[in-house]
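Please work through each task before reading its solution.

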Amino acid sequence: MKMRKRSLIALVAAGCVVASMGAPATARKRHSSAPLEGEGVGLKIVANIEYAGGTDMEFLTQNGRDYALAASAPGVGGAEKGDLHVIDITNPEKPVLAAKLGCSLYQADVQISHDQKTALLAADSAGGPDGCLALGKVGFLTIDISNVLKPKAIGFAETNKGSHNVTAHPKKPYVYNSNSELTAGPGTSEIQVWSIKNPAKPKLVTTINSLPHAPHDVSFNKKGDMAVTAAISSIGLYDTSDPAAPTLVSITQCPGCSITHDAKFTPDGTHVIVGDEGGGGGGYPCPGGALYFYQLQVTPAAPVLVLQGLYEPQEVILARDGQTGPQACTSHVFDISDDGTKVAISWYSAGTRYLDVSSMVGATFGPQGTPTGVKELGWFMPEGGVTWSSKFYKGPYIYSNDEFRGFDVFKIEK
């Protein structure tokens with residue numbers, strides 16, 4: 001594994017097919033892997049399951065074993081088709097591909113229902129012959145994962161403008177649909193609320209306006225009584241005490257944001273972290289769009305978000321792995337640790353970043369515009385990688401789903 005000393009000086013910018021591996025994990029054949037090489041500090045790459053087109057992923061524990069549901073999408077990282085990979089991560093350093101659902105959807109955002117019996121797979125482009133129940137449709141697929149080793153597509157919610165991302169309510173059988181339409185106006189700038197009480201037959205419950213843009217993503221707090229939207233040109237707070245009838249309570253926007261992409265509550269519900277996807281995932285010079293940290297304050301009128309600080313990597317990466325110019329380099333899909341003190345985030349060509357955000361409340365700005373309360377504890381850029389999503393799940397590990405490499409596992413070294 002190559003290692004390099006991290007520079008703080010900015011350089012020049014620039015009914016579907018299911019393949020089930022049902023044998024015990026110890027008896028299963030290991031899947032092919034990409035080289036466990038790259039550059040990094042504080043994170044060590046320890047495992048990989050190789051496939052093209054990696055996008056989003058979620059996690060669950062079933063029958064005493066831990067699993068990642070990692071999606072791939074056609075057209076991402078050169079992939080010709082997409083799949084939902086069921087990866088056994090009970091031993092994180094020896095992950096095993098346990099099953100695969102051959103439903104090819106783009107962009108294949110993944111969610112898991114509140115009861116962990118149904119997975120959701122989003123499609124903002126019409127499914128083709130290998131799209132399972134999404135043939136010729138846009139929306140989201142419902143997948144029976146009551147036996148995660150035998151995932152089965154069972155239903156489809158057809159939406160008018162597609163599903164860029166979907167969000168499952170943490171307590172009740174509702175799904176909020178985000179179409180991420182860049183065109184503002186009636187019929188596009190909206191949030192659809194769906195019931196999956198019968199996951200085989202999703203039912204549209206209500207549609208609410210989300211002006212000026214529909215959300216790119218929606219996240220709930222732990223209780224499920226409040227939601228925050230990253231809506232491209234705004235950040236919205238919603239009262240979801242009745243999840244079937246959300247109500248907007250306040251709206252703001254991060255200063256200088258290009259595309260407000262992802263927003264999440266900290267586990268205690270006191271803060272919201274927002275990511276700016278500079279350039280929308282296209283070629284964009286590092287360090288790219290920042291992470292913004294907000295405190296949730298309750299006022300007599302309504303809850304509001306108060307900006308506390310921001311973070312972006314301090315090095316600028318001109319090119320790597322033979323690139324001749326800047327690739328996508330901006331904040332993307334991130335995750336917050338269960339104790340609320342750490343963040344794992346994918347930064348496309350700048351790999352996976354591991355942050356300490358425990359002191360973000362009242363953070364002051366440093367000389368380069370980064371709040372002194374946010375510290376980068378580690379990072380890793382795997383060889384040939386462009387990281388789409390990076391998330392925690394139990395123990396000292398960060399998992400990433402990579403456009404070119406597939407499923408990577410990093411061990412936190414400090």
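Buried means under 20% relative accessible area, exposed over 50%, and partly exposed in between (1.4 Å probe, protein chains only). The model is a predicted one, in which local features need pLDDT of at least 70 and side-chain atom pairs count only at pLDDT 80 or more, while totals for chains, interfaces and linings use all residues. Residues are numbered from 1 along each chain as its sequence is written, and side-chain values use heavy atoms, with hydrogens and water left out.

**Exercise 1.** Determine how many disulfides the structure holds, and characterise the link of Cys 254 and Cys 257.

*Solution.* Step 1: a disulfide is a pair of cysteine sulfur atoms within 2.5 Å; the structure holds three. Step 2: the sulfur atoms of Cys 254 and Cys 257 lie 1.8 Å apart. Step 3: the torsion about their S-S bond is about -115°, so this disulfide is left-handed. Step 4: Cys 254 and Cys 257 are both buried.

**Exercise 2.** Describe the disulfide of Cys 103 and Cys 132, and state which parts of the chain the pair links.

*Solution.* Step 1: the sulfur atoms of Cys 103 and Cys 132 are 2.1 Å apart. Step 2: an angle of -90° about the S-S bond makes the link left-handed. Step 3: the pair links distant parts of the chain, 29 residues apart, with Cys 103 in the loop between strands S7 (96-101) and S8 (107-112) and Cys 132 in the loop between strands S9 (118-123) and S10 (139-144). Strands (E, at least two residues) are DSSP runs, as are helices (H or I, at least four), numbered from the N terminus. Step 4: Cys 103 is buried because its relative accessible area is 1%; Cys 132, at 17%, also counts as buried.

**Exercise 3.** Is the link of Cys 286 and Cys 329 left-handed or right-handed?

*Solution.* Step 1: a disulfide joins Cys 286 to Cys 329, with an S to S distance of 1.7 Å. Step 2: with 100° about the S-S bond, this link is right-handed. Step 3: Cys 286 counts as buried because its relative accessibility is 4%, and Cys 329 is buried at 1%.
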